[in-house]
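Student: Please take one part of this structure and go through it closely. I would like to look at the sheet and the nonpolar core beside each other.

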Amino acid sequence: MKETYCPLCREKSKTFYCTAKDNQNPVNTFSIVQCNVCHFLYLNPAPEKEAIAAYYPDYYWVGEKKKFIEKIVPSLFSASREKARYIKKYKKQGSLLDVGCAEGFFLNHMKKQGWNVIGIDFSPQAISYGNKHLGLELYVDEV
């Protein structure tokens, strides 16, 4: 883990916002901070680039595993609704960039509500699934 600056505006000053549990290992927690200039929320300290893949085991990407998708879809919809409610407190409509979008289930939810959406993720399998099955504009890139 390394201390970092705001990835949006490069500001170094920040304020602690909250902690979040690691989805794969709830014992681990991450600190989320808010930039004092642009108010963007981000992890700090952040995992080193080389360590990020360890947070995403092979089974993380849903891809073409239809039975697994059917099993987790209700929780994905619930999580998407919760995120959408939070965002809509601040903005009713607009454009949304999801960095680390995975297959794009959240973006798909927002697109259905009239938002312009685009996503990036480092998993070619996840991006392929979102482009092919959800018709989203997703790109493979380092997050």
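Tutor: A nonpolar core here is a set of buried Ala, Val, Leu, Ile, Met, Phe, Trp, Tyr and Cys residues joined through side-chain atoms within 4.5 Å. Buried means under 20% relative accessible area. Keep in mind that this is a predicted model.

Start with the chain as a whole. The protein chain has 3 helices and 6 strands, and along the sequence they follow the pattern β-β-β-α-β-α-β-α-β. Of the 143 residues in the protein chain, 31% are buried.

Now the sheet. It is an open sheet of 3 strands in the order β4-β5-β6, and the pairing is parallel. At its edges stand β4 (95–99) and β6 (138–140); each has a single partner strand, so one side of each is left without a neighbour in the sheet. From one strand to the next, the twist averages 15°. The pairing of β4 with β5 (residues 116–121) runs over 5 bridges, in the parallel sense. One place to look is Leu-96, whose bridge partner in β5 is Val-117. Helix α3 (residues 124–134) packs on the sheet and touches β5 and β6. The direction of α3 makes about 160° with that of β6.

Leu-96 and Val-117 lead on to the core. The largest nonpolar core has 14 residues, and both Leu-96 and Val-117 are among those with the most contacts inside it. The element that gives the most is α2, with 4 residues.

Last, look at the loop between β5 and α3, where Ser-123 has its place. Is Ser-123 buried or exposed? Ser-123 has a relative accessible area of 2%, so this residue is buried. The side chain of Ser-123 reaches the backbone nitrogen of Ala-126 at 3.1 Å.

Technical notes. Residues numbered from 1 in each chain as written. Predicted model: local features only at pLDDT ≥ 70, side-chain atom pairs only at ≥ 80, totals over all residues. Heavy atoms only, no water. Pairing = 2+ DSSP bridges. Helix = DSSP H or I, 4+ residues; strand = E, 2+ residues; numbered from the N terminus. Axes fitted to C-alpha atoms, helices over the stretch in contact; angles between N-to-C directions. Contact = heavy atoms within 4.5 Å. Buried < 20%, exposed > 50% of the residue type's maximum accessible area, 1.4 Å probe, protein only. Polar contact = N/O pair within 3.5 Å; in protein donor to acceptor, adjacent residues only side chain to side chain.
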